[in-house]
Amino acid sequence: MSHAEVWVIAAAAVFGIGLYSLLIASHLLRQLIAIKVMGSAIFLVLVVAAGPIDGALDGLPKALVLTGIVIAISAIAFALALLVRLAEVTGSTSLEDEADDDR
Amino acid sequence: MSALVAVIVPLALLLGLWSAMALGAVRLAGQLLRLAPWVPLLLLWPLVAGSAGEFTWPLLGMRLGVDATVVPVLVLAALAWSAAGWFAGSRITEGRRWFWTGWLGALAGMHLLLLAGDMASFYVGYALLSLSAYLLVTQPGSDEAWRAGRVYLIMALAGEGALLVGLLLIAGSLGNAPLAELAANPAWVTESAARWWLLAGFAVKLGILPLHLWLPLAHPVAPVPASAVLSGVIVKAGLLGWLRFVPALEGEPQFIGQALLALGLATALGGVALGLCQTRLKTVLAYSTISQMGLLLTGFAVAFLVAGERPAMLAALGLFALHHGLNKASLFLACGCAPGASPWRLALFALPTLALAAAPLTSGYLAKTALKDLVALAPTLPLVSLVLSLTSTATALLMWKAFGLARTQTDRSIGLHPAWPLLVVAGVLVPWVYALAGGLALEFAPDKLLASLWPLGLAALLVLAWTRLSGAAVRLPEGDLVVPIERLVSLLGGRLRRANGTRTEASDDEDDTPHTPGQASRLVAQLLQLEALQRRLPVAGLALLAVGGLLWLLTLFGGR
Amino acid sequence: MNSTLLFWLPLAVVMVSALAGIGIFMAGEQRQGLRTMLNLFAAVAKLVLVGVMGLAVLGGEAPEFRMALLPGLDLVLRADALSMLFATLSAVLWLVTTVYAIAYLERGADRARFFGFFSLCVTATMGVAMAGNLLTFFIFYELLTLTTWPLVIHSGTRAAFAGARTYLVHTLGASAVFLVGMVWLYGLTGAQDFIAGGTLAALQLEYTLQLKVIFGLLVIGMGVKAALFPLHSWLPRAMVAPAPVSALLHAVAVVKAGAFGLVRVVEDIYGPELIAALGLGLPLVIIAGFTILYGSVLALYQRDIKKRLAYSTVSQVSYIALGIGIGGPIATIGGIVHLVHQGLMKIALFFCAGIYANLLGIKKIDQLDGVGRRMPWTSLCFSIGALGMIGLPPVAGFITKWYLGAGAVAVGMDWVIGILVASTLLNAAYFLPVLKRIWLHAPPAAWPADPTVSLLEVRGMVGAALVVAAMALGVGLFAGHPLSPLNWVTGIAAGYFP
Amino acid sequence: MSLAIDLLIATGLVVLAWQALVGGSLFRGIVMFIVFGLTMALAWARLGSPDLAMAEAAIGAGVTGALLMIAYWRLRALGANRPAPRSPLRARVALGVGLLSAVLVAMIGLAAVGAIGPGGEAGQALAEALPATGLGNPITGVLVIFRNLDTLLEVAVLLAAYVASRAVMGDDKAALPLPPAQDAPLVGALVAVLAPLAVLVAIYLLKAGSQLPGGAFQAGAVLAAGGVLLMLAGRLHPAPLCGVGLRIALVAGTVVFSGVGLIMLALGQPLLAIPGTWAVYLIETAMMISIGATLVLLFAGSAGLTGTPRR
Amino acid sequence: MIAEALAGLVFLPLLAACAVAVVPKRAVGVFVWSGLLPLPALLLPLTEAVWREGLVRLAVAGFASPLGIEWRVDALALVVLWLNALIAVFVGLYAARDYPPGSARGGRFWALWLLLTSAMNALLLSADLFNLFVTLELVTLAAIGLLVIDGKPAALRAAMRYLLLALLGSLFYLLGVALIYGQAGTLDLYQAGERLGPGLLPVTALVLMTMGLLVKSAIFPLHGWLPAAHGNAPGPVSAVLSAMVVKVSVYLIWRLWLWLAADWQPAWALPLLGLLGAGAILYGSVLAFLQVRLKMMVAYSTVAQLGYLMLLFPLLGPLGYSAASYHLLSHGLAKAAMFLAVSNILAVMGTDRLDRLAGADRRLPLDTLTLALAGVSILGLPPSGGFVSKWLMLQAAWAIDGWLWLAVILAGGLLAAAYLFRPLAVLCARPATAQAADDGSPPSATGLHWSGVVALLLALGALAAGLAPAPVLALLERGLPPGILP
């Protein structure tokens with residue numbers, strides 16, 4: 001709980017990098033990693049920004065983060081399954097190169 | 001009640017005839033046709049019974065009845081129409097349905113017109129009469145008939161339009177006023193120009209000079225009985241209209257009466273002049289009708305010149321109308337019976353011509369003297385009575401020409417139909433009877449006899465001189481002014497149609513290819529390409545950040 | 001009558017044809033017997049209900065159905081004298097047209113769809129007639145557009161769609177304008193039901209400019225369906241619809257709804273005094289007058305029968321607008337009674353045009369030669385209708401022209417008589433040659449189409465035409481009769497000009 | 001001193017994030033991501049929350065890393081790893097996105113710094129209410145008692161993820177390819193030791209969860225790790241159909257939790273009220289089983305699991 | 001009694017979903033219908049309670065808001081709950097034809113369908129910001145699972161794009177929640193509203209959350225993913241996506257801006273949101289007109305109609321509020337009916353390309369009628385629900401002299417007419433070929449399939465909404481957001 005500012009700024013930076021990569025990366029796998037990374041950054045902000053309760057960091061946000069982590073993993077797992085299926089069916093692992101898909 | 005019957009019977013007969021024909025029951029149709037000639041006589045029943053009925057249901061509240069002004073025309077219609085009907089019954093062979101529809105329609109119109117007691121019914125009768133007359137005119141179906149019909153219809157409708165304007169102007173203040181009330185207190189006259197619209201409307205029917213163009217075309221081309229009725233009776237409807245709707249007030253400015261007087265005389269002389277240039281008998285007779293109507297107008301103009309002379313005018317005009325109607329009808333019937341075939345027929349033809357020329361002791365003399373006395377009442381120039389006599393000379397000349405043409409019709413195969421002589425006799429007797437019943441002063445004073453004799457002498461002199469000198473007669477096409485007007489109209493029409501030709505109706509033929517969306521134009525292609533772009537993640541991200549940033553700025557700083 | 005009956009009667013009158021419509025949709029294409037029975041039963045039932053309601057109105061009661069729709073705004077169906085007039089006209093003509101349509105579409109396709117929307121359309125018309133306030137009027141007014149669209153595209157050809165598209169563009173555009181006007185009006189005066197003599201009368205000219213603009217918007221909204229001059233071009237193009245559609249819809253339902261709307265706006269919302277005070281009568285008269293002449297002139301150039309009748313409708317309907325524009329009791333009577341007269345006459349003409357097209361394949365005027373001999377009764381009806389249109393007595397048209405003319409003079413607008421007479425002559429110019437061809441010309445060697453036709457078909461169509469022509473003639477001939485539309489409207493006008 | 005360590009870990013996080021996401025090959029990205037996960041666990045430890053550290057390590061780095069690896073392997077097996085053509089559009093937009101995300105980062109940083117302050121009211125309420133429940137670990141208290149709806153829905157999310165991924169698979173294929181089992185001798189021995197150890201650790205974590213850091217999620221993750229190990233060692237194989245037992249295991253968490261909550265409602269207690277610590281343990285074990293089973297199945301990418309290998 | 005109803009709304013479908021995942025194929029049907037059909041029944045007592053008190057609150061697990069999660073149901077939530085129940089039941093009935101509960105795919109479909117319904121109910125009830133995040137995630141996962149259940153390549157790619165963007169949106173939303181918790185110390189939406197003023201941090205948090213939700217509700221500039229997703233989804237799924245899933249995030253935007261930021265007077269931000277809506281209406285309608293495929297056209301129509309919901313912000317007031325809420329309801333019903341009708345057409349005709357559907361109304365009379373009736377509501381012509389909302393919105397616009405909004409609303413209606421009457425015209429056209437082959441009887445209409453009837457019922461519901469809006473509007477009148485004075 002010392003120097004919360006350090007963590008918050010680092011989290012913001014990581015979030016920025018994740019966002020940049022999510023929008024720009026061409027390979028879907030990398031985009032999914034970006035989402036997981038941004039998630040972690042947000043959890044960091046959530047816990048640190050809550051501030052200490054009589055010494056120790058507030059317990060409630062930590063529980064939220066736990067729930068958040070499980071949600072993140074389930075979302076990523078489903079996304080990966082979808083990615084693999086997409087690669088299997090269309091042979092491409094990126095959303096960029098597809099032609100107009102509603103022909 | 002009797003009036004209602006008189007109006008309803010012809011219509012009922014028409015409907016019966018019509019449905020019989022439509023359903024193909026020819027035999028029934030034949031029997032009905034035999035009834036047709038006697039229908040006009042029904043007119044006499046209300047005359048005798050003199051009943052006036054008011055029925056709120058039909059039209060705008062119909063009033064029926066007989067009053068003084070209509071009696072002479074009523075008698076004329078009854079006699080002339082039944083005679084012509086008798087003649088038509090046997091002589092009309094082909095296009096019967098067409099003819100009889102027109103005939104009975106006109107008859108019903110005339111009945112309603114004569115017996116009408118309120119403006120709306122009068123107008124209904126008048127309209128029905130005009131429309132049915134069109135059928136009579138075009139019955140022969142020849143090109144000439146179509147042309148005559150077209151001209152007739154255009155002018156008749158124009159006349160009716162004027163009539164409608166006048167009537168509506170009156171209806172504005174008085175609603176569907178009974179005719180009696182109209183004549184009694186002509187307060188409405190001063191409010192609007194209704195009177196002049198009505199004068200012009202009825203003038204078309206009477207064939208007064210500038211508006212006479214259709215008459216010489218229509219009357220001759222119609223079948224013989226139709227021409228007889230057209231010239232003899234239907235023309236008089238116009239006079240009836242004048243008498244009812246164009247009353248003269250007390251302090252009428254003089255120039256109106258004089259103008260009418262001049263117009264009447266001009267028509268009388270003009271009709272004869274144009275008639276002399278014609279080659280066909282029926283056209284000559286038609287022009288003679290125009291000139292006689294001119295005379296009627298002179299009589300009518302008197303009411304505008306001198307106040308309080310209405311009863312005298314009514315009597316004189318009624319007598320003149322009766323005389324002219326019967327004689328002109330008989331002349332037209334004559335045309336149907338080859339007048340020149342035997343000296344006996346020529347004599348029969350000569351009698352009405354003499355009457356029309358107002359030879360002494362004939363019905364013409366009676367009517368013409370009454371007219372002259374009437375005109376004398378008006379404070380006009382002496383010249384007017386002189387001209388009036390000259391019109392007798394002119395008519396005599398015209399009658400002489402007609403007699404000449406009649407002599408050439410010597411086809412003996414056409415039988416003499418008894419209706420003709422009957423009408424001639426009626427033409428001789430009925431005016432006298434009417435004059436006596438009407439109480440007109442019948443003097444045989446020598447100066448009146450002399451006054452009616454010298455015009456005839458002059459006419460005989462002119463005829464002799466004319467045949468000696470050149471023998472060449474001036475030829476004019478029938479309907480004189482119509483021909484140039486028609487050419488002008490067709491010229492104009494042609495250019496209009498050509499101009500309009502370019503804008504012919506868009507070809508909306510029923511091509512039934514299914515409706516397919518239009519091909520995407522370049523703009524559409526660009527729009528679709530922009531849309532595809534927005535689907536890409538980087539662009540979506542950019543848009544998101546841009547919108548977020550803008551929202552953030554506005555919320556934070558725009559708020560206060 | 002007890003109050004519950006008075007409450008449900010108006011709704012029943014409106015909904016009986018809707019139920020029939022739904023039943024017909026359900027019955028499907030094949031079961032023709034059931035469909036015909038449904039059709040006829042619904043038509044007769046509606047007529048009976050309208051009759052019962054008429055008696056109630058005559059007895060002085062005012063049957064009214066009210067349902068809370070929006071906060072402060074109700075859906076009101078009320079039977080006053082004016083709505084009864086239009087409702088009776090629609091009910092009668094619907095019965096006749098149903099008979100005609102059944103015969104006409106004997107060999108047609110998609111009849112279930114046709115009759116279904118046909119019934120819904122009459123529901124909308126009845127709703128327009130019975131509407132008690134402007135919002136209800138607008139709802140049924142729009143429903144009318146929707147239910148007529150499928151009828152216009154019934155034949156499914158490209159021309160049908162072109163016509164339907166124009167129809168939609170005009171009507172939906174107008175509905176947007178009408179909506180703005182209505183919203184503005186409700187903004188100004190709050191929601192009010194129609195009151196004879198005008199709801200705004202009490203407003204003492206506070207918002208004169210706004211009221212004028214609103215009037216303009218409402219007139220445009222109604223003007224499209226009433227085919228006033230600049231907004232009329234959809235009517236001729238919508239003539240591609242089959243004859244019964246053109247007959248009922250474009251001569252009676254759609255066009256009349258617009259005209260009826262104008263009457264409501266002028267008489268029941270603004271009221272004659274306010275119209276006169278704001279000087280709104282004159283522009284309406286000028287537009288109507290111009291439309292009358294414009295329609296007649298264009299009718300001259302049409303080669304297609306139905307197109308000519310359409311343009312004649314454009315000019316004839318404007319008589320109604322002319323009548324209420326002139327103001328004053330006589331002209332208003334003339335205007336409103338023309339609602340009935342024009343309906344009867346025009347529907348007769350369209351029926352005959354339909355018979356010619358269906359039985360002889362005649363679509364153009366110059367194919368009409370000598371048809372009088374081949375079809376005497378149909379041509380008779382056509383002639384009665386045509387003569388009525390020209391305004392020749394004794395057919396109904398004359399009565400209207402007489403009252404309009406007299407009314408105009410009474411108010412001092414003498415020049416209106418010029419328009420009336422000019423239009424009479426123009427009507428004669430484009431109808432008489434047609435009559436001449438029908439009766440006086442020799443028939444061609446062979447008719448364009450001479451399909452073997454069942455007797456039922458001929459009798460159904462010609463019968464319907466005859467009935468309607470007879471009514472047109474009767475209404476004209478016996479205008480004085482206490483039950484005639486003329487006296488009925490005189491009663492209505494008495495409400496406006498006490 | 002502690003500032004230096006914090007700074008080190010923070011910058012480590014940023015650098016590792018950059019390495020994982022930008023530049024370099026995909027495989028290197030995944031490895032860097034796993035290291036990032038572990039660093040994240042260190043960060044949680046520094047921030048005094050061991051629960052989170054364990055969860056991040058087990059789930060964040062461990063299971064996610066495994067999923068990513070198996071997905072990467074499968075993509076390569078399907079031959080779908082050819083790099084996408086570098087569309088000109090992306091280059092142009094990249095700069096814009098970069099700039100805007102930088103602005104966004106600055107904005108978030110600024111706001112987050114502003115948000116740092118004394119603990120909120122909810123925190124105090126938690127501190128006061130915890131002793132009444134008889135639980136020592138506040139996180140478990142929040143998860144199971146105070147905000148139990150979140151936890152319930154979160155398990156439902158997990159179930160939804162499983163069913164959705166089954167839906168994605170479509171009917172035609174039984175399971176996705178798996179790398180061939182390594183039959184080297186050492187692996188067998190390793191597995192023989194580690195598998196039971198994993199189960200033991202999981203049970204311990206579950207029991208300690210109520211008083212000390214630990215709990216259902218960490219236990220479930222450890223179980224999943226054991227399962228993944230067995231699969232990689234070729235002891236556990238994907239099966240086309242999901243056995244009844246496995247199905248029950250999948251839905252156990254949701255069903256038990258909802259069941260307890262609804263029964264309490266039926267007894268007049270407020271909805272989802274937890275009667276006592278026995279109920280907490282019951283719910284925790286059910287959730288552990290569900291989470292473990294689901295994660296293993298998500299890794300296997302198949303409907304079910306069987307002991308005997310398919311021929 | 002209320003607690004049971006609320007619990008039932010969330011847990012009944014949830015447990016049914018679990019049961020469906022476990023029980024053998026034969027018994028799936030029973031659990032599906034027992035999970036879905038009682039939903040409307042459960043809503044009745046709730047409606048009566050909201051009608052009486054205007055607001056129903058329930059502390060889940062018995063702990064008050066800062067610590068525990070609280071359920072709150074007000075008029076707006078109730079309306080959307082009703083819509084969710086109706087859509088879940090009716091579209092569910094329709095879906096039973098394509099995915100019979102007994103089939104292989106049926107089990108997975110119904111599990112996801114029930115989870116989706118339960119998640120949306122939970123979302124609509126919850127007043128807790130983090131709980132909303134969890135329910136949003138569940139909704140997204142279930143929806144995308146349903147989207148790809150047929151496995152079409154186009155659907156897969158659209159699902160991937162939708163998933164990425166949805167997750168991005170959720171992350172932004174979560175970041176906003178984190179900042180708010182940091183500042184306000186509470187996660188309850190209404191409490192946070194009272195505690196936060198329009199400072200830098202709360203505004204930033206609000207904007208971040210709004211950005212996230214704008215992406216999930218595909219509002220104009222960010223709508224890229226919606227047409228492909230809704231256009232390529234299976235029939236019933238596209239219906240629930242368009243009618244409910246997209247609406248739920250708009251509902252959350254309303255909650256944030258009208259409740260949480262009630263007294264911040266963001267005077268200039270509201271018109272911007274309004275402009276986004278106006279852009280959506282115009283842009284969506286134009287593109288809908290240009291589409292060749294019927295489903296894509298309906299999808300773009302959704303993009304356009306969502307614009308109307310955003311028009312609430314510039315027209316803030318009792319009229320605007322009830323108009324927008326009523327539009328949400330009537331559009332949901334109409335759009336669901338439209339998608340079902342279109343999917344019927346696609347099933348019977350084999351294609352939904354407009355140039356190959358000429359004369360389809362002969363074979364599909366019922367579905368053409370449904371398309372037409374739903375079209376009436378989308379157009380906003382009386383007597384439909386769309387008209388009521390359009391009417392109220394026009395009055396609201398007139399009240400604040402918003403001539404721009406007035407024009408946009410009217411233009412939206414006319415453009416909708418353009419793109420809706422085009423397919424109707426094609427359906428009713430008589431292709432030349434068919435006419436030639438028309439000697440025999442016309443192609444017989446496919447039998448009266450009950451799935452068509454379900455679609456028709458939904459369309460009639462949209463129309464009925466036009467005839468009896470009074471009770472719903474009165475209810476909405478009661479639960480006005482704090483910022484708006486009745």
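Two residues are taken to be in contact if their C-beta atoms, placed from the backbone, lie within 7 Å. The model is predicted: local features need pLDDT of at least 70, side-chain atom pairs count only at pLDDT 80 or more, and totals for chains, interfaces and linings use all residues. Residues are numbered from 1 along each chain as its sequence is written, while chains are lettered from A and ligands numbered from 1 in the order in which they are written.

In chain A, residues 24 or more positions apart account for 53% of the contacts with a separation of 6 or more. Chain A holds three helices and two strands. Here helices (H or I, at least four residues) and strands (E, at least two) are DSSP runs, numbered from the N terminus. Their order from the N terminus is α-α-β-β-α. The C-alpha atoms of chain A fill a box of roughly 60 × 25 × 20 Å along the principal axes. The radius of gyration of chain A is 17 Å, whereas a compact globule of 103 residues would have a value near 13 Å. This radius is taken over C-alpha atoms, and the globule rule is 2.2 Å times the number of residues to the power 0.38. Of the 103 residues in chain A, 78% are buried. A residue is buried if 20 or more other C-beta atoms lie within 10 Å of its own, exposed if 12 or fewer, and partly exposed in between; C-beta atoms are placed from the backbone.

Chain A also touches chain D. The contact takes 75 residues from chain A and 84 residues from chain D. On the chain A side, α1 (4-24), α2 (28-50), β1 (52-53), β2 (56-57) and α3 (59-90) each supply at least two residues. Helix α3(A) gives the most, with 24 residues.

The largest nonpolar core has 820 residues. Such a core is a set of buried Ala, Val, Leu, Ile, Met, Phe, Trp, Tyr and Cys residues joined through C-beta atoms within 7 Å. Ala80(B), Ala348(C) and Phe351(C) touch the most other members. Helix α7 (residues 153-184) of chain E gives the most to this core, with 23 residues. Beyond its neighbours within four places in sequence, Ala348(C) contacts residues including Cys381(C), Ile384(C) and Ala472(C).

In chain E, strand β1 (residues 55-59) pairs with β2(E) in the antiparallel sense over five bridges. Pairing requires that DSSP finds at least two bridges between the strands. Leu58(E) stands opposite Trp71(E) in β2(E). Four of the five residues of strand β2 (residues 70-74) of chain E are buried, so this strand is largely enclosed by the rest of the structure.
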